[in-house]
Structure formats: C-alpha cells, structure tokens
Amino acid sequence: MSQLSKRLHKKIWSVHNWVGLYAGVVIAILSLTGVVALFKFEIDEALNPSLYKVPIENQKVDLNPIIDSLNHVYGIENFGILGIPQQEGKSWTVNYFVRKSQFDVKDWQIFLNPYNGKIVGLRDYYSSSGFFIRNLHVRLYEGFFGRQIVGLAGLALLLSTITGFWIYGRFMKKQLFASIRAKNLRVKMADYHKLIGVTTLVFNLMIAITGTWLGLQRFLQPAIAGGRPGLYKNDKPPISKEEDAAYTIDYHKAYEKARAIFPELKIKSLTPSTNGNRTIEVRGDVVRTAFERNAFRLLLDKKNLEEIYRYDVRSASLGDKAFYIQESMHFGDWGGIWLKILYAFFGVTSGFLALTGFVVYLKRTEKKRKEHPKFVELKPLLWRWTIGITAAVALLAILNTLYGVVIPTVIIVVSLYSSIVFLLLRALFLFARRKWQKRKMSIN
C-alpha cells in the first residue's frame, strides 16, 4: 500500500470512528425503535382489542347520521379522516383534530361499530401506543428539530456504512469469512462488527438513504422534487368554505362509487374537503405495489360523486415513483408480515453494530481512560446507559399515555436544549481554560 493510500485509509478510518462514536447511540436507539415501529399497528390493536374488534353481523347500518352528529360535537372544520377497515369485524374510525391552544391539542379518534352504529370507544390518538412508537422513532419525541436530527443520524449511518465497507471489506479478505477470533473481548467484538457490517451492507444502505430523505425531507424535497407529488390543486374553488363544510355527504355511497370507479384501490380512508373544492378524497393502496401507505388518491365531487381527479402512482413519473417508494422501503410496508419480520432481524443487527463499535472503542481507550478519576469499567458503564435510556423511554411512555403529546414534548425540548447549551458552554469554558494555561506557561 502506497503512502497516499495509507493516508487515505487513515482518514477514512478516522471518519468512520468518530461518526460511529458520536452518532452510535442515536443510531442504536433508532434501530431498536424502528424494529418496534414496524409493528406499531399490530401492537396498538393487540393492546386495544375492545376498540378495534366488533362482532360480525349480517347487515351494516347507515353511519351517516352518527357521523353528522359527531360533526356537530367536534366541528366539521376539524374533521380529519373516516378510516375504513380492510377486514370484517373491525371498527370504522372518525378523526377530529382539535386545537384549543398551543398546549391543548387533541386528535380525537372515535371507533364506530358498522353493524349497529354504536360508538365502541373514544381516545386521543396522541395518547395511543401507535403514536408514541412512531413519534419516538421518527422525531425522537422532540417536536422542533427531532425529524431533522433523525435525518442527520441517517446521514451518519450512510457515511459510517460506506466508510466501514471501505475499511473492513478489504480487511475481511485477510481472514476466513465469518471467522470470529476469541483472543480478547476487543478482538471478538471487532470481528462481529466487521462481519455484521459487511453482511448487512445493502440493508443499511437502504435504511440510511431512505432515513436521510425522510428525516431531511423538509429541506430536500423543495430543492429536488418541489411540492409533494400527486396533490390536487384548484385555484378557483366552486363554492365557499362555509358551503363546503355544510355539504351533506353519504359516505356509504361515496365508498361504493369509489370502488366501482377504481376497483383495484383498497380504500383506507375518506376525507371531505372544507376549503371550497367540494370534494371527497378517497385514499388507499393497490396490492402488489411497493409504494407508501395511502399513496393512491381518487377525488369525487360531493355534488354527484363523479370523478374529479385520480392519482395512480403506477402511471406517474419516475420521480413520483421514487418519492413514494422511500417510506415503504424504510418500513417494509409493502411485503406483509414476513417482510416486516425480516426487517426486524436486520434492524436488530444495525443496533448491534453500534453496540459492538462502542465496545471496541471503550476497550481500545481503556488504558488511557483509567487515568481519569471518574473512570468506570465497561460492564457497569453499559448497564448505566441501558438503564438510563430504558427509564427515559418508559417515563415518556407513561407521560404520553396520561397527558398526550404536549407535556412530554415540552419536557424533552426543555431538557434537550438545556443540555446542549450546557455542553456547549462547558466546551467553550474548557477550551478557553486550556488556551489560558498554554499562554501562561509560554509567558513563564
């Protein structure tokens, strides 16, 4: 290896080392929460069977009067979606987003029995396990820049994966593939780190690329793709907002008409417009396609239920297809439960990569760290981190269940940014002190 190659190799190793060290904990948390997020719908339904499951009967009742009465209670302007189940024996859901103040925000979710019209249950979706799982993974439960932090962690995983393969791909040629040396803990963990990194290369690249896009979408999308593709635009609404909100809708007829117009569409939701467009947006999936949930759209006219607009991703541009494949590739939504299980296995190995890298670093620097008065041995240090992170997540889950999204978000934001400010001030103080000491020594 030439001197230039050695210097390049050393630089790449340094990048891999520091990126993994500073982003490793976040990547580990995201990998494990991502594994849970794969099954957030299944978990939510398993924890709340009385909300989702209803006895199957021969006939269904007209839910329109019940929805109209709910509109009077919660306000038609707050109407979110009418959720349509894909199986018999499941509740229909109606969502209302109600914001009374900055600190009083609710997403009311009402569960309806389609066979007798009774309200099965009501909850604030922001207090549900499904929301908590997704919010923790997608935003690290931080409401301001959490999604961007996750995107940067995805970028760190991408950089770490590429540099790791550059370093260890060549190294693995020097020893038998899958051989794990038992010389000591550091060597053993290093071999596991290399083996897992190489064998999960494709998966980690896919997760890193899609995770970076989804996390930094707020900044990347306007620059690359402009607005969100497939949205219906009407510069001249046919009626006023007030007339639109007051329009009487037969949701059952709208559902049947949508099925007749677009038979391949597995309808997941209906949403009436309140902006004057006089439309009902029908959203859902088409089987044997790998696009994100509810990417397909059909707009019906409230007046006569005629088709106004259709967005079929299958016939869209290559750029649109690339846009709508990101989330499904990231969460494995397109291949059923067995694909999710496969994703879960690889997701765990991604977290193990961060853990083994952390152990290797701690063992490599152990001799130097022992000189520090606050030195902690490896095993108790790992237990501290594990217990601390687990306790923090458990506390967030309890607060989320009891108070919804606002209070735990405020706690996270205040504690996170207070910690960042403290660490920055501490770093500046230590830097200034070192400079002063050097200057003092040079004078003497």
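Guide: What follows covers some helix contacts, then the cavities.

Guide: This is a predicted model, in which local features need pLDDT of at least 70 and side-chain atom pairs count only at pLDDT 80 or more, while totals for chains, interfaces and linings use all residues. Residues are numbered from 1 along each chain as its sequence is written, and side-chain values use heavy atoms, with hydrogens and water left out.

Visitor: At what angle do H5 and H15 cross?

Guide: The axes of H5 (residues 129-139) and H15 (residues 378-403) cross at roughly 135° and come within 10 Å. Helices here are DSSP runs of H or I with at least four residues, numbered from the N terminus. Axes are lines fitted to C-alpha atoms over the stretch in contact, and angles run from 0 to 180 degrees between N-to-C directions.

Visitor: What does that make H5 relative to H15?

Guide: Oblique, because of that angle. Angles under 35 degrees count as roughly parallel, over 145 as roughly antiparallel, 65 to 115 as roughly perpendicular and the rest as oblique.

Visitor: Which residues of H5 and H15 meet?

Guide: Phe 131, Phe 132 and Leu 136 of H5 touch Val 393, Leu 396, Ala 397 and Asn 400 of H15, where contact means heavy atoms within 4.5 Å. That contact has 6 nonpolar residues, 1 polar and no charged. Ala, Val, Leu, Ile, Met, Phe, Trp, Tyr, Cys and Pro count as nonpolar, Asp, Glu, Lys and Arg as charged, and the others, Gly among them, as polar.

Visitor: And how does H5 pack with H12?

Guide: H5 packs against H12 (residues 318-331) at about 110°, with the axes 14 Å apart, so H5 is roughly perpendicular to H12. Arg 134, His 137 and Val 138 of H5 make the contact with Glu 327, His 330 and Phe 331 of H12.

Visitor: New topic. How many cavities of 30 Å³ or more are there?

Guide: There are 2. A cavity is a set of points, on a 1 Å grid over the protein atoms alone, where a 1.4 Å probe fits but cannot get out, and lining residues have an atom within 4 Å of a point. Points are joined across faces, edges and corners, and a volume is the space filled by probe spheres set on them.

Visitor: What is around the largest cavity?

Guide: The largest cavity holds about 410 Å³. It is lined by 26 residues, and the closest to its centre are Leu 30, Gly 34, His 137, Ile 207 and His 330. H8 gives the largest share of that lining, 6 residues.

Notes. Helices (H or I, at least four residues) and strands (E, at least two) are DSSP runs, numbered from the N terminus. On a 1 Å grid over the protein atoms alone, a cavity is a set of points where a 1.4 Å probe fits but cannot get out, and a pocket is an open set with protein on both sides within 12 Å along at least five of seven lines; lining residues have an atom within 4 Å of a point.
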